[in-house]
Amino acid sequence: MPTITFTQPTGEATEIAVAEGTSLMRAAVTNGVEGIVGECGGQAMCATCHIYVRPEFADQLPPISDDEDEMLDCTTAERTDASRLGCQVKMTDQLSSIVVDVPSDQE
Amino acid sequence: MNNVSAKDSVVIIGAGQAGLQVADSLRSEGFAGPITLLNGEAILPYQRPPLSKDYLGIDSPATALPLRGPDFFTTQDITLHPGAAAAVDTQARRVTLTDGSALDYTHLVFATGAANRQLPCPGADLPAVHALRTLFDAERLQAALATARKVVVIGAGFIGLEFAAAARARGVEVTVLEYAPRPMGRALSATASDWFAARHRSDGIDLRLNEGVTAIHTEGAGLSVESTAGSHYPADLVLYGVGVNARTELAEAAGLATDNGILVDSSLRTAVDGVLAIGDCASFPQAGTGARIRLESVQNATDHGRHAARSIMGQNTDYAQTPWFWSTQGRIRLQIAGISDPSDEPVVLGDPANGKFSIALLRDGVLAAVESINSPADHVAARKLVAASVALPMEVLSAPGFSLKNFAKTVLAVPA
Ligand SMILES: Cc1cc2nc3c(=O)[nH]c(=O)nc-3n(C[C@H](O)[C@H](O)[C@H](O)COP(=O)(O)OP(=O)(O)OC[C@H]3O[C@@H](n4cnc5c(N)ncnc54)[C@H](O)[C@@H]3O)c2cc1C
Ligand code: FES
């Protein structure tokens, strides 16, 4: 199974193994990863699943849709080139062992 | 009088979106006493919105999306109790559960949510007639949808239309009966509602307005839905979504005032000392006008939860969050900021023909609400503008090339 490592602003890291097709948001919420809320249930409507993807995984990510792009403008923590909505990134074999950073603030 | 003491305890009735948020926020606000969250059932609390969306798709996620992970309750030292509240004695500050046990509280929060209104017609209790509120409902519905070829939806509200669009996307024949002249007429401007009606029809949904249901009959192996127009629609599955009622029975029996919801003041407290009500079950004064409203949305439930935690901690601030809401109907993504009124003046921004536009609703020269269709950038800007009650002259709004995002940048002087 692919794994995801969520790194907190404190440096604390949690590694989670998930089935393919699971979104980063669902993996985080189901496993109680702090700092990822997922208030809209994965509809790209709330931006409370904002994460920063480490640059080495950037070229394996699915492209950002217009909807995601526009919602990323309303994240609580600053948007950077590494910003994604966790609900829009689903795990695939290529993404296996992805590492992401959780922002300090989400609401 | 409202100073929280180290001996205080909190009991929350209802472990939905609002109940979980108030528990969570109490801990982040520093509340150290016992918190008991009455769940009423033995399953991990879950999110409802996906039940009428993702959950009904062909490749739907196999499991419900929890509101919090299982460890949350231990790490935050919150007792998630499977029991349901049966009675409240506000004098003794005690909640009695259905199993006869009792819990004492210093602060009590009603977060009991809402219950689906029953369909008031013969045949409503037939097994192939479904409502959608709980995970159990969604699982039954998902299984029935897998083999359904013709469905009738009663009520063109959000849940009815989300279901209709999901069923249509699976190639099912869909008829929607709506008693009122417009779909989602209570929540949307006429302009938006008419656009949705046309769009759903062009996607192949047979949307019948001004037509209600009078009875549901069994016919052969399936059902036949009889309408006020005297028509009979065959179906192998019927879903109704004809509105909800706030769950106020328990509060009423405890002597709390209710009127389409448990009545609370601007700090979300009821008139009874130590008792609050939040989320779908609460009727609260709207910021600015003071008019009572009751909302059914995730935003309302979570913002109420955060605010109620601060009220319990002894703060006396007025709840004033700008409401926002979303709905996904097939490929149509709707986002609403603010609450519209039928008397608002609508201005269309963008081109409805290409399915990406917003409707700005002006009230006395102020932007009161914005409905955005497949236009998240407008919505994000609208939330900030509506919250700031920004004056927006018609000549500015209707100038060619006007964009909410750019306008927000200029007037709010922060990036929108
Ligand atoms: C299918 C569906 C789709 C939706 N889609 C959207 C959407 O797209 N966008 C949006 O913003 N909103 C949506 N909503 C609305 C949103 O889910 C609700 O507004 C929100 O869940 C309200 O939270 P709440 O905590 O007030 O109530 P609820 O989440 O309903 O929780 C109340 C809980 O209290 C429990 N309870 C009641 N009485 C007792 C008792 N006596 N003892 C113990 N427990 C008790 C109930 O069992 C329930 O679990 C949707 C709702 C449904 C049903
Ligand atoms: S869960 Fe809401 S935007 Fe991702």
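Tutor: The discussion below takes up domains, a sheet, a loop residue and the spaces in the model.

Tutor: This is a predicted model, in which local features need pLDDT of at least 70, side-chain atom pairs count only at pLDDT 80 or more, and totals for chains, interfaces and linings use all residues. Residues are numbered from 1 along each chain as its sequence is written, chains are lettered from A and ligands numbered from 1 in the order in which they are written, and side-chain values use heavy atoms, with hydrogens and water left out.

Student: Into which domains is chain B divided?

Tutor: Domain bounds come from an automatic or database domain assignment. Chain B has domain 1 (10–115 + 245–312), domain 2 (118–242) and domain 3 (331–411). The centres of domain 1 and domain 3 of chain B, taken over C-alpha atoms, are separated by 32 Å.

Student: What is the order of the strands in the open sheet of three strands in chain B?

Tutor: Strands are DSSP runs (E, at least two residues) and helices are runs of H or I (at least four residues), numbered from the N terminus; two strands pair if DSSP finds at least two bridges between them. The order here is β4-β5-β6 of chain B, with antiparallel pairing. Its edge strands, each pairing on one side only, are β4 (85–89) and β6 (102–104) of chain B. Four bridges join β4(B) to β5 (residues 94–97) of chain B, and B:A87 stands opposite B:T96 in β5(B).

Student: Why does B:T317 count as partly exposed?

Tutor: Buried means under 20% relative accessible area, exposed over 50%, and partly exposed in between (1.4 Å probe, protein chains only). B:T317 counts as partly exposed because its relative accessibility is 38%. The residue is found in the loop between α7 (298–312) and β22 (324–329) of chain B.

Student: How much space lies in the largest cavity, and which residues line the largest cavity?

Tutor: On a 1 Å grid over the protein atoms alone, a cavity is a set of points where a 1.4 Å probe fits but cannot get out, and lining residues have an atom within 4 Å of a point. Grid points are joined across faces, edges and corners, and a volume is the space filled by probe spheres set on the points. The largest cavity holds about 50 Å³. Its lining includes A:V37 and A:E39 as well as B:Q17 and B:T302.

Methods:
On a 1 Å grid over the protein atoms alone, a cavity is a set of points where a 1.4 Å probe fits but cannot get out, and a pocket is an open set with protein on both sides within 12 Å along at least five of seven lines; lining residues have an atom within 4 Å of a point.
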